[in-house]
Amino acid sequence: MNHTVITYILYLAASSALTIWVARTLFKNGRVFLVDVFHGNEALADSVNHLLVVGFYLINLGYVSLALKLGYSIESTRESIEALSWKVGLVLLVLGGMHFFNLYVFSRIRRRAILPDAPPPVGPDACTVVQEA
Amino acid sequence: MRTLIVLYDQRCDLCRRIQAWLISQPKYVDLAFVAAGSAEARRRLPQLDHGATMTELTVISDGGAVYRGAKAWLMCLWALREYRGWALELGSPEMMPLARRFIAWVSRNRFKFGYFSGPASKEP
């Protein structure tokens with residue numbers, strides 16, 4: 001095996017491990033949030049949580065896979081480390097972006113869930129008698 | 001709160017246009033539209049100052065709470081499913097003065113807008 005292939009294998013291993021770690025973090029900590037949003041409906045919360053994590057895996061692994069190709073051959077360990085660092089850095093940024101996007105989705109879902117019970121934004125100016133229609 | 005009575009100015013195109021839009025929106029709270037100053041308004045709200053309702057939008061909850069001007073607009077938004085979040089944001093202490101000024105400006109110029117925006121849709 002030459003340096004390029006070893007770099008690819010290391011890249012895939014590192015990226016997959018990072019994706020799994022972030023997805024598991026999201027899965028574990030997002031659940032509490034979703035259970036609250038769905039008013040304690042744990043089955044629904046688990047289902048939505050699972051679907052979100054599947055989407056997360058698909059997008060990230062898809063990106064990792066597409067970004068694999070280097071376009072040049074690697075001749076030394078130094079070049080290998082440099083290429084790995086660049087590629088894994090990109091994966092980390094994408095993961096970070098996706099993670100914050102997921103948090104945003106969670107907060108949106110939560111905000112929408114509390115809206116039906118939200119009180120009026122302003123207090124009344126006065127009171128009056130209302131006759132039936 | 002189940003219903004909001006909206007006393008709107010029937011003479012202005014913009015108001016009727018906004019009324020049509022409000023009717024078309026999905027709601028958390030029903031909006032009952034009554035022309036400001038009409039016999040129906042006087043019958044349902046015997047103690048209200050109906051002169052004031054001709055100059056600014058007035059909304060009354062089924063519990064008798066009266067909201068005027070900017071507050072009335074926010075209550076209409078708050079009644080809508082799609083815009084309750086906006087109402088809560090605009091009603092915050094930071095945004096309220098801005099919302100109040102904007103609504104007062106639109107309200108003062110409401111007959112001009114009607115003139116520029118062409119004929120209003122017929123009343124439902």
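Predicted model: local features only at pLDDT ≥ 70, side-chain atom pairs only at ≥ 80, totals over all residues.
**The cavity**

Rolling a probe the size of a water molecule over the atoms shows where empty space is left. Across the whole structure, the search finds 1 cavity of 30 Å³ or more.

What lines the largest cavity? The lining has 20 residues. Nearest the centre lie Tyr8(B), Asp9(B), Cys15(B), Leu57(B) and Trp73(B). By kind, the lining residues split into 13 nonpolar, 4 polar and 3 charged.

Several elements of chain B each supply at least two residues of this lining. Here they are with their residue ranges.

| Element of chain B | Residues |
|---|---|
| Strand S1 | 3–8 |
| Helix H1 | 13–24 |
| Helix H4 | 70–79 |
| Helix H6 | 96–108 |

Which element gives the most to the lining? H1(B) does, with 5 residues.

**A residue in helix H1 of chain B**

Gln19(B) sits in helix H1 of chain B. Is Gln19(B) buried or exposed? Its relative accessibility is 6%, so Gln19(B) counts as buried, because the cut-off for buried is under 20%. Gln19(B) and Val6(B) are 13 residues apart along the chain, and their C-alpha atoms are separated by 9.3 Å.

**The patch on chain A**

Met1(A), Val5(A), Ile6(A), Ile9(A) and Leu10(A) make a nonpolar surface patch of about 480 Å². One of them, Ile9(A), belongs to helix H1 of chain A, which covers residues 3–37. Ile9(A) has a relative accessible area of 46%, so this residue is partly exposed: that value falls between the 20% and 50% cut-offs.

Technical notes:
Residues numbered from 1 in each chain as written. Chains lettered and ligands numbered in written order. Heavy atoms only, no water. 1 Å grid on protein atoms, 1.4 Å probe; cavity = no way out; pocket = protein on both sides within 12 Å on 5 of 7 lines; lining within 4 Å. Points joined across faces, edges and corners; volume = space filled by probe spheres on them. Helix = DSSP H or I, 4+ residues; strand = E, 2+ residues; numbered from the N terminus. Nonpolar A, V, L, I, M, F, W, Y, C, P; charged D, E, K, R; others polar. Buried < 20%, exposed > 50% of the residue type's maximum accessible area, 1.4 Å probe, protein only. Patch = residues over 30% accessible without salt bridge, like charges linked within 9 Å, V, L, I, M, F, W, Y side chains within 5 Å. Areas by Shrake-Rupley, 256 points an atom, 1.4 Å probe, with all protein chains shown as cover. Salt bridge = Lys/Arg side-chain N within 4 Å of Asp/Glu carboxyl O.
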